[in-house]
Amino acid sequence: MELAGLGHLIGHYSHRKGGQTWIIEGVAAQGYNVGIAGLISTGESLHNNHHAYPGSAKLGLLPGQIDLGWWLIKAFEAAGLASNIKTPDNLAPRPGSRRVDEPGNAGAVAPRHRGSALFQ
């Protein structure tokens, strides 16, 4: 499979099912974190994080989330090839986003796309 096809496949799954740390209110599509795919997607599969902080270069935001793309960006920064890197530390969260694991949100989940039983 060519790399472009792999990116489309990961994008497809990361808009269908996976873990969520954030829910974005008022949007047509939610993102989901598909953790194991982080190894082959350079972090792109951590899509729920991307939906909460779309301008962030860092997608692995929680312990255990593998983001090889972030490691590459940090290497570029160390070599003087990247600067002014945006992360959740210096960005505001996306309007309408809320953490699922904050007090009062314990039962919150985003509405699921009603598709094939494979993704239910």
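Colleague: What percentage of the residues of the chain count as buried?

Modeller: Of the 120 residues, 34% count as buried. Keep in mind that this is a predicted model. The chain exposes about 7,200 Å², with carbon and sulfur atoms supplying 60% of that area.

Colleague: How many helices and strands does the chain have, and in what pattern?

Modeller: There are four helices and two strands. Along the sequence they follow α-β-α-α-α-β. Among contacts between residues at least 6 apart in sequence, 54% join residues at least 24 apart.

Colleague: What makes W22 and Y53 an aromatic pair, and why is it called edge-to-face?

Modeller: Two values decide it. The ring centres are 5.8 Å apart, and the limit for a pair is 6.5 Å. The planes make an angle of 85°, and edge-to-face requires over 60. The structure holds one aromatic pair.

Colleague: Why do you say that this pair ties parts of the chain together?

Modeller: W22 lies in strand 1, residues 22–24. Y53 is in the loop between helix 3 (47–52) and helix 4 (68–78). The two are 31 residues apart in sequence, so the pair ties those parts together.

Colleague: Are W22 and Y53 buried or exposed?

Modeller: W22 is buried, and Y53 is buried too.

Colleague: How do you know that R99 lies over the face of W22?

Modeller: R99 is at 5.2 Å from the ring centre of W22. The distance limit is 6 Å, so that value passes. R99 is assigned to the face of the ring.

Colleague: Why is N49 called buried?

Modeller: N49 has a relative accessible area of 1%. Buried means under 20%, so the label holds. N49 is in helix 3.

Colleague: Which residues does N49 touch, not counting those up to four places away in sequence?

Modeller: N49 touches T21, W22, N33, L59, G60, L61 and Q65. For L61, twelve residues along the chain from N49, the C-alpha separation is 7.1 Å.

Colleague: What makes N49 and N33 a polar contact?

Modeller: Their side chains are joined at 3.3 Å. The cut-off is 3.5 Å, so the distance is within it.

Colleague: What does the side chain of Q30 reach, and is Q30 buried or exposed?

Modeller: The side chain of Q30 reaches the backbone oxygen of I24 at 2.7 Å. Q30 is in the loop between strand 1 and helix 2. Its relative accessible area is 9%. That is under 20%, so Q30 is buried.

Colleague: How many salt bridges does a search of the whole structure find?

Modeller: Two. R98 pairs with E25, and their closest N and O atoms are 2.7 Å apart. K74 meets E77 at 2.6 Å, N to O. The limit is 4 Å, so both distances pass.

Colleague: Why does the bridge between R98 and E25 tie parts of the chain together?

Modeller: R98 lies in strand 2, residues 97–99. E25 is in the loop between strand 1 and helix 2 (38–41). They are 73 residues apart in sequence, so their bridge ties those parts together.

Colleague: How far apart are K74 and E77 in helix 4?

Modeller: They are three residues apart in helix 4, which means a separation of about one helical turn.

Colleague: What sets N84 apart in its backbone, and why is N84 called exposed?

Modeller: N84 has a positive phi of about 55°, although it is not a glycine. N84 is found in the loop between helix 4 and strand 2. Its relative accessible area is 62%. Exposed means over 50%, so N84 qualifies.

Terms used. Residues are numbered from 1 along each chain as its sequence is written. This is a predicted model: local features need pLDDT of at least 70, side-chain atom pairs count only at pLDDT 80 or more; totals for chains, interfaces and linings use all residues. Side-chain values use heavy atoms; hydrogens and water are left out. Rings of Phe, Tyr and Trp (its six-membered ring) pair if their centres lie within 6.5 Å; planes under 30 degrees apart count as stacked, over 60 as edge-to-face and the rest as tilted. Buried means under 20% relative accessible area, exposed over 50%, partly exposed in between (1.4 Å probe, protein chains only). A charge sits over a ring if NZ of Lys or CZ of Arg is within 6 Å of the ring centre and within 35 degrees of the ring normal. Contact means heavy atoms within 4.5 Å. A salt bridge is a side-chain nitrogen of Lys or Arg within 4 Å of a carboxyl oxygen of Asp or Glu. A polar contact is a pair of N or O atoms within 3.5 Å; within protein, one must be able to donate a hydrogen and the other to accept it, and residues adjacent in sequence count only if both atoms are side-chain atoms. Accessible areas come from the Shrake-Rupley method with a 1.4 Å probe; for residues, only the protein chains shown count as cover.
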